[in-house]
Amino acid sequence: MNYLRAVAQRPVMTDGTCHICTETYTKRGMSRHLSGCLPAVDDGPISHLRITGERRSDYWLHLAVAETTPLSALDRFLRDLWVECCNHLSAFTVDDQRYERPHDDAGMGGAYRAQSMDVAFGSATASVDSFSYTYDFGSETALDVRVVETGDWPISELEADGTETDYEGIVLLARNQQPDIDCEACGAPATTVCQTCLRDPAAVAWLCESCATAHEDGCDRPRYLPVVNSPRVGVCGYRGPATVDES
Ligand SMILES: [Zn+2]
Ligand SMILES: [Zn+2]
Ligand SMILES: [Zn+2]
Ligand SMILES: [Zn+2]
């Protein structure tokens, strides 16, 4: 599987930047750091989450999520920042309850009852300290979500610090720096991944710009995707967050 291969190739733990104070911490140190860095003011229950690629653990986010934020908003945030390629199905799984999007009330799952994501984060996750998220059940990107702690931080004050603000009740607190991936042909930083070759363990798939040009000759069906900072890099048509063209 291409995921396993990507992990085997890059066992490095990524550092990340705290968006509140702009300091850099290790993956392990960030949870502890944020406990001290989050301002302590009473503004209603907020959960501090750490979200990690299940099989690509060098990609991770820390979020503050308000109890009243619907799961659908968290889904939209994760899609927009990290995983959206062509509008696949997604779902949160909390214990044995699944919240999916899109959701069909008629229920295709038989005994397995899924709900819509139109439910508050706080009530859906009240009884757990971890749950999972899956985007695309074909070539899936699975994420582990852990509740690091719950507190009364002022989410409006966090939002004012210049992080993601388009998602009410969700603030990006910290994020991994882009992992270094070497070109498998020459060792320079890889900028492109050949999706066809990613499926073949014997082939060279991660490529720098000049080796990608040379790759055309040897590859049956070159299909390039950019190397981006996401656990979905190299999967389906993922090319990074869609950017609005303002020109
Ligand atoms: Zn900080
Ligand atoms: Zn896709
Ligand atoms: Zn190269
Ligand atoms: Zn190829």
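Metal donors are taken here as N, O and S atoms within 2.8 Å of the metal (3.2 Å for Na, K and Ca), and sites may look incomplete since water is not among the atoms. On this basis, the zinc ion (ligand 4) is coordinated at 2.1 to 2.3 Å by Cys 194 (SG), Cys 197 (SG), His 215 (NE2) and Cys 219 (SG). The structure is a predicted model, in which local features need pLDDT of at least 70 and side-chain atom pairs count only at pLDDT 80 or more, whereas totals for chains, interfaces and linings use all residues; side-chain values use heavy atoms, with hydrogens and water left out. Residues are numbered from 1 along each chain as its sequence is written, and chains are lettered from A and ligands numbered from 1 in the order in which they are written.

Confidence is given by pLDDT, the predictor's confidence in each residue on a scale from 0 to 100. The protein averages a pLDDT of 86, and 84% of the residues score at least 70. Helices (H or I, at least four residues) and strands (E, at least two) are DSSP runs, numbered from the N terminus. Where pLDDT is low, the predicted coordinates should not be read in detail.

The geometry of the zinc sites was examined next. Four donors count as tetrahedral if all angles lie between 85 and 135 degrees; four count as square planar and six as octahedral if opposite donors are over 155 degrees apart and all others between 65 and 115, and anything else is irregular. Around the zinc ion (ligand 4), the four donor atoms subtend angles of 105 to 116°, so the arrangement is tetrahedral. The spacing of its donor residues in sequence is C-x2-C-x17-H-x3-C. Residues are called buried under 20% relative accessible area, exposed over 50%, and partly exposed in between (1.4 Å probe, protein chains only). Both His 215 and Cys 219 are buried.

The zinc ion (ligand 3) is coordinated by Cys 183 (SG), Cys 186 (SG), Cys 208 (SG) and Cys 211 (SG), at 2.3 to 2.4 Å. The angles subtended by these four donor atoms are 100 to 119°, and the arrangement is therefore tetrahedral. Along the sequence, the donor residues of the zinc ion (ligand 3) follow the spacing C-x2-C-x21-C-x2-C. Cys 183 counts as buried because its relative accessibility is 4%, while Cys 186, with a relative accessible area of 46%, is partly exposed.

Strands were treated as paired if DSSP finds at least two bridges between them. An open sheet of 10 strands with mixed pairing has the order β2-β1-β10-β4-β3-β9-β8-β5-β6-β7. Its edge strands, β2 (24–25) and β7 (114–116), each pair on one side only. Strand β6 (residues 97–101) pairs with β7 in the parallel sense over three bridges, and Glu 100 stands opposite Ser 116 in β7. Helix α2 (residues 27–37) packs on the sheet, where it touches β1 (16–18), β2, β3, β4 (60–66), β9 and β10 (170–176); contact means heavy atoms within 4.5 Å.

Within the sheet, strand β3 (residues 46–53) runs antiparallel to strand β9 (residues 141–151) and is joined to β9 by eight bridges. The bridge partners in β9 are Val 145 for Ile 51 and Gly 151 for Ile 46. β3 is also antiparallel to β4, with seven bridges between them, and Ile 51 stands opposite Leu 61 in β4. A hairpin of six residues joins β3 to β4. β8 and β9 pair in the antiparallel sense over six bridges, with Leu 143 in β9 as the bridge partner of Tyr 133. These two strands form a hairpin with five residues between them, and Asp 136 in the turn has a positive phi of about 75°.

In a regular strand the side chains alternate between the two faces of the sheet. Both faces of β3 are covered, with Ile 46, His 48, Arg 50 and Thr 52 buried on one side and Ser 47, Leu 49, Ile 51 and Gly 53 buried on the other. Ala 66 lies in strand β4 and counts as buried, at 9% relative accessibility. Not counting residues up to four places away in sequence, Ala 66 touches Pro 45, Ile 46, Phe 121, Ile 155 and Gly 169. Helix α3 (residues 71–83) is mostly covered, as 10 of its 13 residues are buried; among them are Leu 71, Phe 77 and Trp 82.

Definitions and conventions: Axes fitted to C-alpha atoms, helices over the stretch in contact; angles between N-to-C directions.
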